[in-house]
Protein chains: 2
Amino acid sequence: MNAVTAIDRPVDTSRLRGFVTALADLIACTRDEQALLESGRTLLARLVARDDWLPPEYARPDPDRYQQYLLHCDSRERFSIVSFVWGPGQSTPIHDHGVWGLVGVLRGSEQVERFHRLPGGGLVAQGTDILREGEVDAVSPRIGDIHRVSNGRADAPSVSIHVYGANIGAVERATFAADGTPKSFISGYANRVIPNLWDRSRNA
Amino acid sequence: MNAVTAIDRPVDTSRLRGFVTALADLIACTRDEQALLESGRTLLARLVARDDWLPPEYARPDPDRYQQYLLHCDSRERFSIVSFVWGPGQSTPIHDHGVWGLVGVLRGSEQVERFHRLPGGGLVAQGTDILREGEVDAVSPRIGDIHRVSNGRADAPSVSIHVYGANIGAVERATFAADGTPKSFISGYANRVIPNLWDRSRNA
Ligand SMILES: [Fe+3]
Ligand SMILES: [Fe+3]
Ligand SMILES: [Mg+2]
């Protein structure tokens, strides 16, 4: 989509707005993480089942590294929604999250390498999965939240939609060297502006 | 501030982020509108007491009409925060809100003409106030919420920050002719993107 098309026919983001509201309702009525992840998984699967609602500026790969674009952050930072964009050959470092998270593949595929950290600090590989378009994965400190994620496509960008139980770009967490040595990091976000999902007068 | 300066030194929006979070905390712990308006007034007065946090793209006047820029909308649409920008000579129609609202003047001044609607539909003028920089006004269906707001300056734009107890751009409400004849309207917003307030890694 070129810039002129984007101005003429902006993407209808109402599906994303509906997801935000449904997720906020869910979080308001349950404190149980397992129940939340199960219901949240259903909502996210529904969101990524169609690829017609993400404005192209939040799906733009960078030649140097994967991008993390904030799409919505809750007023009390109880949850955030981000799009991750991997160019060909790009991957995250091994990292943790510290909070629950859900990952749904919108476009392309992702390779997920899972790790377990031993009490002494060493990392044990737990296996590798391929997440395909429309599939949803979950992480949390309870069920395991250390992984490395790579673009599953060698020839094109992949895009996934992530939800976390905090303002993830502001959470102090860790990356890990192959031997398990942790290094503190705060990811931030690639974007200074986020989509206005709330103008119901534009697209009903 | 020109575009190059804006790119080099982006505005630190952390004061607005703190306001969002404080307001969400307030709304989470009180259902009483009067208590909410009183505490919200204190928070908003603190926000507009300094004019160093609003990115210039949300303070831009339009030559033809006043602008309403969304700055934040709550995940469950329980409240929204907008900047209103009036060019010289610009004013709103006479309108209602249907929900509680707080108005704080950030820059310049506003003239507020208040009206009461009779059971038969006619409008009675209730007087005119000037709101100056740093001052905060409240509206609600309970205390009166029909008014017309105009730029209080003849020679420069004025900017105010409004908070409402809903996603105000999506609320079906009314404008009124001088004789009280109502006309349904949904205001929408002037902006397709809103500021990313949540990147604490950029400005602590
Ligand atoms: Fe991750
Ligand atoms: Fe008003
Ligand atoms: Mg597809």
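This is a predicted model: local features need pLDDT of at least 70, side-chain atom pairs count only at pLDDT 80 or more; totals for chains, interfaces and linings use all residues.
Strand 5 of chain A, covering residues 109–117, lines up with strand 6 of chain A, residues 123–132, in the antiparallel sense, and nine bridges link the two.

Next come two helices of chain A. Two packed helices are described by the angle between their axes and by the distance between those axes. Helix 2 (residues 14–29) of chain A packs against helix 3 (residues 33–48) of chain A at an angle of about 175°, and their axes lie 10 Å apart. Because angles over 145 degrees count as roughly antiparallel, helix 2 of chain A is roughly antiparallel to helix 3 of chain A. On the helix 2 side, the residues in contact include L16(A), F19(A), L23(A) and I27(A), while those from helix 3 include L36(A), G40(A), L43(A) and L47(A). Sorted by class, this contact has 10 nonpolar, two polar and two charged residues.

Over in chain B, Q68(B) belongs to strand 1, residues 67–73. Its relative accessible area is 6%, so Q68(B) counts as buried, the cut-off being under 20%. The side chain of Q68(B) makes a polar contact with the side chain of S187(B), at 3.4 Å. Leaving aside residues up to four places away in sequence, Q68(B) also touches others, among them V82(B), F84(B), I168(B), R173(B) and Y189(B).

Note on methods
Residues are numbered from 1 along each chain as its sequence is written. Chains are lettered from A and ligands numbered from 1 in the order in which they are written. Side-chain values use heavy atoms; hydrogens and water are left out. Two strands pair if DSSP finds at least two bridges between them. Helices (H or I, at least four residues) and strands (E, at least two) are DSSP runs, numbered from the N terminus. Axes are lines fitted to C-alpha atoms, for helices over the stretch in contact, and angles run from 0 to 180 degrees between N-to-C directions. Angles under 35 degrees count as roughly parallel, over 145 as roughly antiparallel, 65 to 115 as roughly perpendicular and the rest as oblique. Contact means heavy atoms within 4.5 Å. Ala, Val, Leu, Ile, Met, Phe, Trp, Tyr, Cys and Pro count as nonpolar, Asp, Glu, Lys and Arg as charged, and the others, Gly among them, as polar. Buried means under 20% relative accessible area, exposed over 50%, partly exposed in between (1.4 Å probe, protein chains only). A polar contact is a pair of N or O atoms within 3.5 Å; within protein, one must be able to donate a hydrogen and the other to accept it, and residues adjacent in sequence count only if both atoms are side-chain atoms.
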